[in-house]
Amino acid sequence: ERMASGAIGARLTGAGFGGCGIAIGPRSEAETIARDAAARYARRTGLTTLPIAEQAVDGARIVRH
């Protein structure tokens, strides 16, 4: 089941130093999810935020040439 913005799930992390909201959802919905989260945050707090849509990739690894 999806959240109202289209995200599959979301959480807050690092709230002690300003925090960061992370949401997971379909790539096709990334911009909408980010925009809606920023708008909701602004309405509730009166503060603005910088929404960034990113794509997960493989983790760090040793690169040998």
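**Group meeting: a hairpin, a helix and a pocket**

Okay, let's start with the hairpin: β1 and β2 make one, with 6 residues between the two strands, and in the turn Gly 14 has a positive phi of about 65°. Keep in mind that this is a predicted model. As for confidence, the average pLDDT over the chain is 86, and 98% of the residues come in at 70 or above. Confidence is lowest in β1, with a mean of 87, and highest in α1, at 90.

Back to the strands. β1 and β2 run antiparallel, and 5 bridges join them. If you want to click through a couple, Leu 12 has Gly 21 in β2 as its bridge partner, and Thr 13 is partnered with Cys 20, also in β2.

A quick reminder of the idea: rolling a probe the size of a water molecule over the atoms shows where empty space is left.

The lining of that pocket takes in 34 residues, and the ones nearest its centre are Gly 21, Ile 22, Ala 23, Ala 34 and Ala 37. Which elements supply at least two lining residues each? Those are β1, at 9-13, β2, at 20-24, and α1, at 30-45. Of these, α1 gives the most, with 8 residues. Gly 21, then, is both the bridge partner of Leu 12 and one of the residues nearest the pocket centre.

Last stop, Ser 5, which sits in the segment before β1. Is Ser 5 buried or exposed? Its relative accessibility is 10%, and the cut-off for buried is under 20%, so Ser 5 counts as buried. And what is Ser 5 in contact with, once you leave aside the neighbours within four places in sequence? The list is Glu 29, Thr 32, Ile 33, Asp 36 and Arg 40.

Happy to go back to any of them.

Methods: Residues numbered from 1 in each chain as written. Predicted model: local features only at pLDDT ≥ 70, side-chain atom pairs only at ≥ 80, totals over all residues. Heavy atoms only, no water. 1 Å grid on protein atoms, 1.4 Å probe; cavity = no way out; pocket = protein on both sides within 12 Å on 5 of 7 lines; lining within 4 Å. Helix = DSSP H or I, 4+ residues; strand = E, 2+ residues; numbered from the N terminus. Pairing = 2+ DSSP bridges. Buried < 20%, exposed > 50% of the residue type's maximum accessible area, 1.4 Å probe, protein only. Contact = heavy atoms within 4.5 Å. pLDDT = per-residue confidence, 0-100.
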